[in-house]
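Open the model in your viewer and keep the selection panel at hand. The tour goes stop by stop: select, look, move on.

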Amino acid sequence: VSALSLHPDRFFPAEPAVQAIARELFTRVETLPILSPHGHTDPRWFASDAPFEDATSLFLWPDHYVIRLLYSQGLALEALGIGDPNADRRAVWRLFAANYHLFRGTPSRLWLDHVFAAVFGFTDRLSDETADHYFDTIAAGLAKPEFRPRALFKRFGIEKIATTEGALDTLADHDLLARDWPGRVITTYRPDDVIDADKAEFAANLERFGALTGENTATWAGYLAAHRVRRAFFRQRGATATDHGPVTPATANLSAAEGQALLDRLLRGRREAGDGELFRAAMLTEMAKMACDDGMTMQIHPGSFRNHNAALFGKFGPHLGADIPFAVNYVQQLKPLLDAVGNRADLTIILFTLDETNYARELAPLAGHYPCLKLGPAWWFHDSPEGMLRFRRQTTETAGFYNTVGFNDDTRAFLSIPARHDLARRVDAAYLAELVATHRLDLDEAQELIADLAYNLPKAAYKL
Amino acid sequence: VSALSLHPDRFFPAEPAVQAIARELFTRVETLPILSPHGHTDPRWFASDAPFEDATSLFLWPDHYVIRLLYSQGLALEALGIGDPNADRRAVWRLFAANYHLFRGTPSRLWLDHVFAAVFGFTDRLSDETADHYFDTIAAGLAKPEFRPRALFKRFGIEKIATTEGALDTLADHDLLARDWPGRVITTYRPDDVIDADKAEFAANLERFGALTGENTATWAGYLAAHRVRRAFFRQRGATATDHGPVTPATANLSAAEGQALLDRLLRGRREAGDGELFRAAMLTEMAKMACDDGMTMQIHPGSFRNHNAALFGKFGPHLGADIPFAVNYVQQLKPLLDAVGNRADLTIILFTLDETNYARELAPLAGHYPCLKLGPAWWFHDSPEGMLRFRRQTTETAGFYNTVGFNDDTRAFLSIPARHDLARRVDAAYLAELVATHRLDLDEAQELIADLAYNLPKAAYKL
Amino acid sequence: VSALSLHPDRFFPAEPAVQAIARELFTRVETLPILSPHGHTDPRWFASDAPFEDATSLFLWPDHYVIRLLYSQGLALEALGIGDPNADRRAVWRLFAANYHLFRGTPSRLWLDHVFAAVFGFTDRLSDETADHYFDTIAAGLAKPEFRPRALFKRFGIEKIATTEGALDTLADHDLLARDWPGRVITTYRPDDVIDADKAEFAANLERFGALTGENTATWAGYLAAHRVRRAFFRQRGATATDHGPVTPATANLSAAEGQALLDRLLRGRREAGDGELFRAAMLTEMAKMACDDGMTMQIHPGSFRNHNAALFGKFGPHLGADIPFAVNYVQQLKPLLDAVGNRADLTIILFTLDETNYARELAPLAGHYPCLKLGPAWWFHDSPEGMLRFRRQTTETAGFYNTVGFNDDTRAFLSIPARHDLARRVDAAYLAELVATHRLDLDEAQELIADLAYNLPKAAYKL
């Protein structure tokens with residue numbers, strides 16, 4: 001059995017002088033409240049405040065990072081109990097524990113160890129030997145009131161968290177929350193379900209969209225009006241932002257006649273090659289125009305080939321770790337949107353990428369010029385020590401710090417939220433310390449920046 | 001008010017042993033003369049030797065790096081006085097000073113601080129509090145003889161500088177200089193104005209090109225002859241190099257008949273899609289062939305989407321920071337040129353890129369094979385501590401040091417030239433020190449290399 | 001004359017605490033046997049055990065890294081004796097020695113110095129002054145029994161080495177070896193010669209392929225059967241793996257009818273654009289299917305523009321350093337193969353890339369999901385200190401360590417094999433030490449990992 005502990009200087013540079021600067025900077029923000037402006041926690045957790053069940057359903061099953069890596073090493077999804085709530089959860093946990101070495105060097109390992117040590121107080125590393133001890137201790141903990149969602153929320157020092165809901169969501173949980181626990185959990189408008197015309201349920205979704213809003217979504221004007229209605233509805237449930245997950249960052253700026261013609265082709269079975277992409281492209285621009293009117297911050301998360309593994313998708317559905325990034329182009333594809341609203345200083349569009357080649361080549365130059373553009377933090381596969389450092393190294397010199405927006409944990413793994421913010425703050429402290437130690441930045445400026453990155457920038461960018 | 005000072009160990013690695021090696025290496029080249037073989041200073045400055053006006057027109061207005069970042073943060077170009085020489089320059093300067101924090105972590109900040117401290121002797125950091133002190137001190141300084149262009153040129157230790165002029169330029173300033181201040185300021189032949197057929201003024205420019213040279217530029221042979229005439233004219237004004245800024249690095253090798261047919265299509269209103277690109281591509285190869293004859297070094301700077309912001313370009317023109325890099329391909333696109341002249345060891349073609357993915361993948365392998373190819377230094381957005389380190393780390397192992405050509409400051413910000421060369425020499429010292437400290441290079445070799453990188457390689461590559 | 005020595009801490013981080021960890025880790029694997037599961041040594045060397053000739057034919061002529069860099073600096077291939085066994089080898093060696101500074105900062109320099117110091121005992125650096133001393137000492141050494149191939153093999157601590165042979169090779173040398181020196185030198189099935197239909201000799205090769213196997217290779221079924229016959233033949237000579245060098249990683253999954261139609265077009269002069277690519281693509285999938293049956297590990301090495309320099313290729317043939325990488329796409333191109341066999345946990349496909357942008361964007365996510373996929377080590381131009389570090393930094397956080405397969409030396413430079421494995425083990429130790437020093441990994445885990453990376457992972461992935 002090996003010891004588990006969280007070293008106070010973890011993730012700081014090893015060189016003593018730089019480490020000391022990083023530690024000093026980190027100490028200034030270590031206990032700042034957490035702002036989580038983009039993520040995927042379930043509002044029902046906070047609305048119902050029901051206890052979490054057990055280690056397996058809490059840590060394994062919902063975490064596509066963990067499932068992905070176990071699957072890649074030959075563990076069958078059936079053996080992991082995926083899709084089977086009646087699976088032997090302890091047996092699944094033992095299997096995970098026996099394979100914990102697979103996560104060496106990955107951020108999943110860092111997040112999990114943080115949760116195990118900081119939330120549950122474990123002092124031995126997870127392994128086949130400690131698997132049962134972990135499973136039992138976690139079960140015992142989760143049964144206590146202090147491990148209920150709202151208690152953890154407070155313990156974690158979360159000031160505000162945004163969940164993400166589809167355009168057709170009733171937001172019933174947010175309504176409940178507004179009544180008895182207001183101001184903490186807000187929603188985000190993510191209308192991919194009524195924008196992605198390549199999905200089988202698109203036409204049906206548009207009918208429901210019309211029914212929900214009283215608009216005729218078969219007309220371009222009615223369809224856009226329906227979005228306006230739902231944006232207002234989401235804003236009433238606290239939303240300050242929208243989120244968009246198109247395949248590519250393609251944008252288009254259509255006239256009303258072109259929009260109507262496109263919608264007609266999509267809804268009346270006369271669709272042409274590229275129409276799905278064109279509709280998504282047009283809607284990014286329309287969403288940006290609406291954001292100019294209603295002041296919502298807009299997020300764009302493109303570039304993931306969803307459900308790449310066809311056989312697994314057919315059998316188990318999405319969220320199993322088979323989304324694979326691909327090369328994307330922002331400079332040409334964003335131009336129609338930027339031609340339309342790019343010079344608006346009162347608009348905030350936050351760009352994310354899974355293709356790091358864009359950091360220095362396209363994204364930093366774009367955000368370092370257009371008033372409406374900001375850069376979202378290192379996303380998904382890049383939400384890691386090396387990934388976050390690459391983001392800072394490749395964007396700061398062209399875009400500066402003030403065209404970035406702090407950290408997003410972007411997670412459905414609620415218990416890992418403090419771990420993720422801790423990691424992000426430490427890596428930012430490490431980067432700033434390096435700038436100070438090499439005389440590229442003064443210490444007083446780094447002290448101001450570390451608080452900006454941890455708290456002030458996300459607050460401003462997301463209007464929290 | 002915070003202190004401003006230039007730390008003697010700035011930009012060196014923080015680890016004491018590596019830092020000591022870097023310092024030792026840098027000391028060997030700190031006072032070497034500056035060779036500036038590629039840049040955009042105005043020859044009129046040196047020809048007239050008139051005093052510079054004030055801080056705002058000297059540091060802000062011509063610097064697209066600075067304007068870009070201020071604009072990205074919502075400052076209107078009108079508020080910055082862009083395009084309005086009658087703007088309240090002190091008010092603009094105050095606005096800049098109040099936003100100086102935006103430049104934290106950017107090379108602009110490093111260059112500006114160096115100028116403020118080393119050229120003007122400021123000991124307080126620029127801020128809203130010190131804005132007027134800066135403005136007045138700079139004004140008082142610029143009025144003195146020792147701040148005139150030629151005095152600064154000598155003070156900066158510049159041995160030779162190349163400006164860049166279009167094919168239609170009269171080079172009158174260079175003629176003046178040749179008479180009373182010879183040998184220091186040379187020109188560079190940059191014929192984009194008579195090669196980029198996608199520009200509205202192309203046909204008119206070709207007429208002027210013909211008139212200037214006495215050649216019939218409506219014929220392929222006459223057009224090429226006109227280039228030869230102008231290349232000779234530029235060489236007489238000291239030019240040792242040409243420079244080319246095509247959209248992409250596409251090259252083509254046309255027969256005379258194909259060239260004539262293409263020129264006909266372009267000049268007689270029968271242009272086909274891709275003809276502009278094809279003409280630029282063909283002319284890169286023709287320029288390389290001419291370079292084999294006249295010995296001029298050829299520079300290629302591709303891959304920038306110029307004036308991406310259409311609205312701003314319409315209102316304010318170019319050079320406002322709205323040029324955005326995009327992904328380019330050298331391995332297929334350069335092949336026609338390389339098939340024609342790639343094996344010439346007496347030809348020097350210096351390749352630049354804004355797409356860093358090409359460093360290790362294409363450019364280092366190409367330059368590490370073809371005798372005619374050399375790699376230009378980290379360019380534009382990448383002319384920064386991290387950018388220069390990425391260049392060395394990603395090119396050296398395949399292309400070595402001797403297929404690179406030292407540093408280009410590539411700037412119109414004359415007063416920042418010492419700052420830029422200081423930074424480049426320090427980063428090279430840092431990189432070499434790391435190689436020495438990890439026993440990948442012997443110290444005596446690093447000592448030789450640091451001087452090669454700072455002085456000998458540019459002298460040889462540009463025949464200075 | 002400068003001293004030559006191999007520093008015991010070479011390639012470790014300079015920071016003393018990290019360096020100490022790296023040293024401790026490296027010491028654990030320094031003397032482990034060498035597994036060389038992919039490379040290009042000549043089996044005849046070991047079969048005949050004849051002495052190597054001289055420094056020039058041993059170190060220069062076969063090494064395309066060395067020839068490439070010398071050629072790029074203007075040295076003519078004729079002056080280097082390329083293609084002329086009667087060239088004055090001492091004169092060529094002197095020329096190389098006089099240009100040894102060109103290799104500063106390159107891995108070739110590190111490998112060569114290691115061979116010179118560790119194999120031949122030189123204590124002075126190679127230079128024009130020491131050229132003759134080197135040439136004579138090497139000649140004297142090579143004449144001794146302890147410098148014969150088999151003696152060096154034992155001295156180097158090689159446990160097993162794989163050579164690479166084409167589908168039509170008789171494997172006569174391996175037959176000889178099996179008789180009097182069994183178990184050490186195995187072959188690898190590399191059938192590019194009967195798969196690349198864009199090569200002039202394709203049709204003739206298919207006839208020989210049919211003759212060798214007794215199959216009718218003009219039929220799709222017969223052609224596939226011929227591969228099965230040859231795979232079995234290679235397995236009898238120890239092969240545990242196949243290797244494939246397609247232009248791109250394109251894959252396709254054809255029906256028997258589609259395969260037959262394609263083969264018909266290729267063999268009967270009715271080939272359409274893209275047929276060569278389609279045939280290579282289809283055969284990757286067929287090879288993967290056969291690997292499911294016979295258990296051979298499959299390697300894919302795509303993305304090199306072979307013989308980019310047409311003039312040189314015409315005059316001197318391949319292997320002169322004119323192969324240039326280009327951008328490739330794995331996420332879309334591998335999908336047909338992965339749709340067919342991607343979920344097989346009993347299949348091992350090792351992916352390599354020359355386009356490092358794929359490490360974090362595509363390859364680590366793919367290998368971190370699909371059970372059949374593993375990542376080959378940093379390849380060719382990236383087989384270097386910086387290149388290997390980039391590989392680890394950009395793949396580990398998503399794919400972990402256990403989806404990688406240890407080191408490949410991939411070389412025909414037999415004497416450099418210990419140098420290359422030494423370098424790889426040191427860089428892995430450096431990377432792991434950094435993880436330990438920044439508290440991203442525990443020391444006991446790093447101790448286990450360094451042995452896995454050096455020995456256990458290649459043994460498992462290649463079934464050695």
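## Stop 1: a sheet in chain A

Begin with chain A, where 3 strands form an open sheet in the order 1-2-4, paired in parallel. This is a predicted model. Select strand 1 (34–36) and strand 4 (185–186) of chain A: these are the edges. Each has a single partner strand, so one side of each has no neighbour in the sheet.

Strand 1 and strand 2 of chain A run parallel and share 3 bridges. Which residue of strand 2 is the bridge partner of A:L35? Pick A:K160 to see the partner. As background, the strands of a sheet pair through backbone hydrogen bonds, in either a parallel or an antiparallel way.

## Stop 2: salt bridges within the chains

Over all chains, the count of salt bridges comes to 140. Three of them follow, one per chain.

Stay in chain A and select A:E53 and A:R89. Their side chains form a salt bridge, N to O at 2.7 Å. The two come from distant parts of the chain, 36 residues apart. A:E53 sits in the loop between helix 2 (43–48) and helix 3 (55–60) of chain A, while A:R89 belongs to helix 5 (residues 89–98) of chain A. Buried or exposed? A:E53 counts as exposed, because its relative accessibility is 58%, over the 50% cut-off. A:R89 counts as buried, because its 17% is under the 20% cut-off.

Go to chain B and pick B:K289 with B:E286. This salt bridge spans 3.5 Å, N to O. Both residues lie in helix 13 (residues 275–294) of chain B, 3 residues apart, or about one turn of the helix. B:K289 is partly exposed at 29% relative accessibility, whereas B:E286 is buried at 7%.

Now chain C. Select C:R392 and C:D428, whose side chains meet in a salt bridge of 2.8 Å, N to O. C:R392 is in helix 17 of chain C and C:D428 is in helix 18 (residues 417–437) of chain C, so the pair ties together parts 36 residues apart in sequence. Both ends count as buried: C:R392 has a relative accessible area of 4%, and C:D428 has a relative accessibility of 12%.

## Stop 3: a network of charges

Select A:R104, A:R109, A:D113 and A:R125 together with C:D442, C:D444, C:E445 and C:E448. Salt bridges link these residues in a network.

## Stop 4: where chain C meets chain B

Show chains C and B together. How many residues does each chain bring to the contact? Chain C brings 49 residues and chain B brings 43. About 3700 Å² is buried between the two, with 54% from carbon and sulfur atoms. Highlight C:R104, C:H308 and C:E386: in chain C, these lose the most area to chain B, together 20% of what that side buries.

Zoom in on C:R104. Its side chain meets that of B:E448 in a salt bridge, 3.4 Å from N to O.

Definitions and conventions. Residues numbered from 1 in each chain as written. Chains lettered and ligands numbered in written order. Predicted model: local features only at pLDDT ≥ 70, side-chain atom pairs only at ≥ 80, totals over all residues. Heavy atoms only, no water. Contact = heavy atoms within 4.5 Å. Buried area = accessible area lost by both parts, 1.4 Å probe. Salt bridge = Lys/Arg side-chain N within 4 Å of Asp/Glu carboxyl O. Helix = DSSP H or I, 4+ residues; strand = E, 2+ residues; numbered from the N terminus. Buried < 20%, exposed > 50% of the residue type's maximum accessible area, 1.4 Å probe, protein only. Pairing = 2+ DSSP bridges.
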